[in-house]
Amino acid sequence: MTRPAAEPVVHIDDDRFKVTEWRFAPGAETGWHVHGHDYVIVPLTDGTLGLEEPGGTTRTAALTQGLPYSRREGVHHNVSNAGTAPLAFLEVETVADHTASRRRDTLIRFMAAWNARDVDALMACMAADCAFHASSGPDAEGRRFAGREAVRAAYTGMFDSFPEAAWTADSHHVMGDTGLSEWRFVGTDRAGKRVDVQGCDIFRFDGDLIALKDSYRKNRG
Ligand code: NI
């Protein structure tokens, strides 16, 4: 016999949390699923859950209205309402760790694109509305390039200025909307002058893409 499907109602879905209210008629089930995030369940009613787990295990668990519990990502099960009355709970998933992971992947791709001298790949990492603040220039921010065309021209200019360039010893970190890439730049410019310097970029993100690349580097004295 097919059981009815539990009804999900998504209340919040942003880059930090996903909050879903699950409503179960008696006998209703979620279907088999694997949790991709750590989560908290807040029961909105009392009730009895039926839990099917891999390996054929079946058990029940009591829900108490307002009494939350937490689980780690990776839980694999099919959840049903094993009671005779409707039940409901809120599922609060923490998705921020995954956002940070995707943003860090962007920084790794961005660094690879510099080493590949691939301007299209660089721009694929930049948000629709983006800016670049160079490590030197007349302004407190260095030199500011605003908008995709200006940023693309600045990146192209960097490759023109340095026929040989490598970014090495890189490491990448993401904290909320801010990213940090550390690197060592070794290059030779058109005049044959060798540059070997450590520096970093501070990034601001728009979604998973870079809205601002703000560059800093050591000044050899
Ligand atoms: Ni579940």
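This note goes through the metal site, the strands, the aromatic pairs and a helix pair of the structure above.

1. Basis of the note. The model is predicted, so local features need pLDDT of at least 70 and side-chain atom pairs count only at pLDDT 80 or more, while totals for chains, interfaces and linings use all residues. Residues are numbered from 1 along each chain as its sequence is written, and side-chain values use heavy atoms, with hydrogens and water left out.

2. Nickel site. Three histidine atoms coordinate the nickel ion at 2.0 to 2.1 Å: NE2 of His33, NE2 of His35 and NE2 of His77. Donors here are N, O and S atoms within 2.8 Å of the metal (3.2 Å for Na, K and Ca); water is not among the atoms, so sites may look incomplete. Along the sequence, the donor residues follow the spacing H-x1-H-x41-H.

3. Buried denotes under 20% relative accessible area, exposed over 50%, and partly exposed in between, with a 1.4 Å probe and protein chains only. His35 counts as buried because its relative accessibility is 5%. His33, by contrast, has a relative accessible area of 25% and is partly exposed.

4. Strands (E, at least two residues) and helices (H or I, at least four) are DSSP runs, numbered from the N terminus. Two strands pair if DSSP finds at least two bridges between them. Four strands form an open sheet in the order β3-β8-β5-β6, with antiparallel pairing. Its edge strands, each pairing on one side only, are β3 (33-34) and β6 (57-63). Two bridges join β3 to β8 (residues 76-81) in the antiparallel sense. In β8, His77 stands opposite His33; both residues are nickel donors.

5. Strand β10 and its partners. Six of the eight residues of β10 are buried, which leaves the strand mostly covered. With β11, the pairing is antiparallel over three bridges, and Ala131 stands opposite Ala146 in β11.

6. Gly137 is found in the loop between β10 (126-133) and β11 (144-146). The residue counts as partly exposed because its relative accessibility is 41%. Contact means heavy atoms within 4.5 Å. Apart from neighbours within four places in sequence, Gly137 contacts Gly142 and Arg143.

7. Aromatic pairs. A pair of aromatic rings is described by the distance of the centres and the angle of the planes. Rings of Phe, Tyr and Trp (its six-membered ring) pair if their centres lie within 6.5 Å; planes under 30 degrees apart count as stacked, over 60 as edge-to-face and the rest as tilted. The whole structure holds eleven such pairs. One of them is Phe24 with Phe89, a tilted pair at 5.4 Å centre to centre and 40° between the planes. Phe24 belongs to β2 (residues 17-24) and Phe89 to β9 (residues 87-94), so this pair ties together parts 65 residues apart in sequence. Both residues are buried. Ring pairs also link a cluster whose members include Phe110, Trp114, Phe132, Tyr155 and Phe159.

8. Helix pair. Helices α1 (residues 96-115) and α3 (residues 148-161) pack with their axes 11 Å apart, at an angle of about 45°. Axes are lines fitted to C-alpha atoms, for helices over the stretch in contact, and angles run from 0 to 180 degrees between N-to-C directions. The two helices are therefore oblique to each other; angles under 35 degrees count as roughly parallel, over 145 as roughly antiparallel, 65 to 115 as roughly perpendicular and the rest as oblique. Phe110, Ala113 and Trp114 of α1 make the contact with Tyr155, Met158 and Phe159 of α3.
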